[in-house]
Amino acid sequence: MVGSAAQVKINTRHKFYENVYKKLEDENVDAFMMLRILLYSYGQATQELTESSQQEVVERLNSKWGLIMHAFAKSLENLDSDVK
């Protein structure tokens, strides 16, 4: 949280950033805005879960989500290289 607003940090070294986020930012403004809304909504929702037990679940979910997102983004990278 920064003040009363949730802050979402994007890992620019993650495959998701390289293969999805940055690509949408550069090539498809509408899709990029929808993605940002989705991510910021998720960030706000997780910040509203304030109990210690809830935060433990959020941390596990974020970790698992990041691993799955990395695998999907890596798959996209492989598909792109197969097409070229």
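A polar contact is a pair of N or O atoms within 3.5 Å, where, within protein, one atom must be able to donate a hydrogen and the other to accept it. In this predicted model, the side chain of Asn19 comes to 2.8 Å from the backbone oxygen of Ala73.

Asn19 sits in helix α1. Is Asn19 buried or exposed? Buried means under 20% relative accessible area, and Asn19 has a relative accessible area of 16%, so Asn19 counts as buried. Apart from neighbours within four places in sequence, Asn19 is in contact with Ala73, Lys74 and Glu77.

Next comes the nonpolar core. The largest one has seven residues: Phe16, Tyr17, Val20, Tyr21, Phe32, Leu35 and Leu39. Two elements, α1 (15-27) and α2 (29-47), each give two or more residues to this core, and α1 gives the most, with four. Val20 is one of the core residues. Setting aside neighbours within four places in sequence, Val20 is in contact with Lys15, Leu35 and Leu76.

The last topic is empty space. Rolling a probe the size of a water molecule over the atoms shows where such space is left. The largest pocket holds about 620 Å³. Its lining has 21 residues, and those closest to the centre of the pocket are Val8, Lys9, Tyr42, Asn62 and Trp65. Helices α1, α2 and α3 (52-83) each give two or more residues to this lining. Which element gives the largest share of the lining? That element is α3, with seven residues. By type, the lining of the largest pocket has ten nonpolar, nine polar and two charged residues.

Notes: Residues are numbered from 1 along each chain as its sequence is written. This is a predicted model: local features need pLDDT of at least 70, side-chain atom pairs count only at pLDDT 80 or more; totals for chains, interfaces and linings use all residues. Side-chain values use heavy atoms; hydrogens and water are left out. A nonpolar core is a set of buried Ala, Val, Leu, Ile, Met, Phe, Trp, Tyr and Cys residues joined through side-chain atoms within 4.5 Å. Buried means under 20% relative accessible area, exposed over 50%, partly exposed in between (1.4 Å probe, protein chains only). Contact means heavy atoms within 4.5 Å. On a 1 Å grid over the protein atoms alone, a cavity is a set of points where a 1.4 Å probe fits but cannot get out, and a pocket is an open set with protein on both sides within 12 Å along at least five of seven lines; lining residues have an atom within 4 Å of a point. Grid points are joined across faces, edges and corners, and a volume is the space filled by probe spheres set on the points. Ala, Val, Leu, Ile, Met, Phe, Trp, Tyr, Cys and Pro count as nonpolar, Asp, Glu, Lys and Arg as charged, and the others, Gly among them, as polar.
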